[in-house]
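Thanks, everyone. I'll take a few minutes on one structure. Please look at the picture while I talk.

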Amino acid sequence: MRVFQATPFYTPDAAALRFLPEGPRVLQNYPSEDPILGWVAIQESFEKLPGSVNLLNLRTMENDSHPLRGRAGFFSETDRPGVVLVGLERDLVLYDLRARQLIGKPFPVSTDERVVINDGVAVSEGVLFGTKHTTFKERIACMYLYATATGRLHTLHSQQICANGKFLSDGSLVDIDSPNKTLDHYEFDHSRLELGQRRIIADFRDTPLFPDGLRPSPDGKSVVVAFYNPEMAPEGLARQYRIADGELMNEWRLPGSPRVTCPEILERNGRVQVLFTTAVEGMEPVVPLGLVPRWAARRLEPPHKGSAGDVAAPTC
């Protein structure tokens with residue numbers, strides 16, 4: 001295992017955007033000459049629940065924020081340029097980034113006000129995502145697959161607490177239900193859209209760390225996992241695990257940022273890098289000046305050539 005220290009990359013000016021950023025993804029279907037990194041601010045604070053979709057220009061480092069009417073769990077690109085699918089509260093909605101407005105009718109996922117939509121990712125069948133219990137106590141959250149071909153919502157798992165990072169490839173699904181404190185692998189039947197046997201890739205139950213978001217390596221053989229530490233630790237952690245046997249390959253340390261929420265793998269300046277979002281949720285009143293958590297980037301070792309993350313474009 002190799003250990004790397006991440007370096008500061010970008011700090012949002014607004015406190016609302018630093019509270020709980022998640023889901024960074026390099027856009028593949030957005031009309032811009034510059035590379036654009038999309039990300040969500042899930043909510044503004046403990047008291048103010050509305051979130052936003054954000055577009056960070058990786059050349060100018062200017063951020064364009066799109067406020068929404070509720071909590072934003074994730075976004076995913078569609079096959080319509082500039083239109084993204086957003087998990088908003090308990091609905092899937094379409095948002096036109098250029099028109100700066102919601103379009104079409106919301107697709108309801110749940111009527112249970114104890115849950116909201118959380119992390120999600122585009123896959124070949126559509127969109128794989130989940131919900132979370134807002135107080136992180138009851139197993140009432142679900143993992144879903146929204147099939148774009150049929151417009152149907154399939155429940156893959158109905159007893160989760162906080163569905164988070166996911167990676168679907170061939171006949172396997174890598175999944176995180178954060179309170180379980182494990183990185184899980186499921187067999188996956190693409191024809192029946194069903195989960196099979198569960199295998200624990202890595203176990204974190206003897207640590208204060210909660211696995212949060214993840215991204216697959218470009219070769220699909222490993223995943224980079226971000227860890228949310230609710231304690232006031234001096235640094236945050238992210239780790240790369242091989243899916244086949246759980247071997248710990250690399251570790252990134254983020255000084256001053258214990259709440260690491262999600263990675264993204266991208267190619268920048270001729271190098272493959274890992275970018276991490278971090279949160280200040282529950283920290284801002286006591287964080288010393290100069291240690292406000294920031295996004296950070298560090299080179300992925302060993303470097304792989306290829307695209308960053310999933311780029312499938314579902315239509316809702």
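Predicted model: local features only at pLDDT ≥ 70, side-chain atom pairs only at ≥ 80, totals over all residues.

**Strands, turns and a pocket**

β5 and β6, residues 63-67, run antiparallel and are joined by five bridges. The two strands make a hairpin, with five residues between them.

Look into that loop. Met 61 lies there, between β5 and β6. Its phi is near 65°, which is positive, and Met 61 is not a glycine. Is Met 61 buried, exposed or partly exposed? Partly exposed, because its relative accessibility is 25%, and the buried class stops at under 20%.

Now the other partner of β5. Strand β4, residues 36-41, pairs with β5 over six bridges, again in the antiparallel sense. Find Leu 37 and you will see Leu 56 of β5 opposite.

So what about β5 itself, residues 52-57? Six of its six residues are buried, so the strand is largely enclosed by the rest of the structure. Ser 52, Asn 54 and Leu 56 point one way. Val 53, Leu 55 and Asn 57 point the other way. Both sets are buried.

Step back to the chain. The accessible surface is about 13300 Å², with 48% belonging to carbon and sulfur atoms.

Thr 7 and Arg 253 are separated by 246 residues, yet their C-alpha atoms are 9.2 Å apart. Thr 7 sits in strand β2, residues 7-10. At 42% relative accessibility, Thr 7 is partly exposed.

What kinds of residues make up the lining? Twelve are nonpolar, seven polar and six charged.

Which strand gives the largest share of that lining? That is β19, with three residues. β11, residues 115-123, also supplies at least two.

Stay with β19, residues 210-216. Six of its seven residues are buried, so β19 is largely enclosed by the rest of the structure. Five bridges join β19 to β20, residues 222-228, and the two strands run antiparallel. Within that pairing, Pro 211 has Phe 227 of β20 as its bridge partner. β19 and β20 form a hairpin, with five residues between them. In the turn, Gly 220 has a positive phi of about 75°.

One more backbone angle before I stop. Lys 181 has a phi near 60°, positive in a residue other than glycine. Lys 181 lies in the loop between β16, residues 172-177, and β17, residues 182-189. Is this lysine buried or exposed? Lys 181 is buried, because its relative accessible area is 14%, below the 20% cut-off. Compare Met 61: also a positive phi, but partly exposed at 25%.

That's it from me. Over to you.

How values were computed. Residues numbered from 1 in each chain as written. Heavy atoms only, no water. Areas by Shrake-Rupley, 256 points an atom, 1.4 Å probe, with all protein chains shown as cover. Helix = DSSP H or I, 4+ residues; strand = E, 2+ residues; numbered from the N terminus. Nonpolar A, V, L, I, M, F, W, Y, C, P; charged D, E, K, R; others polar. Buried < 20%, exposed > 50% of the residue type's maximum accessible area, 1.4 Å probe, protein only. Pairing = 2+ DSSP bridges.
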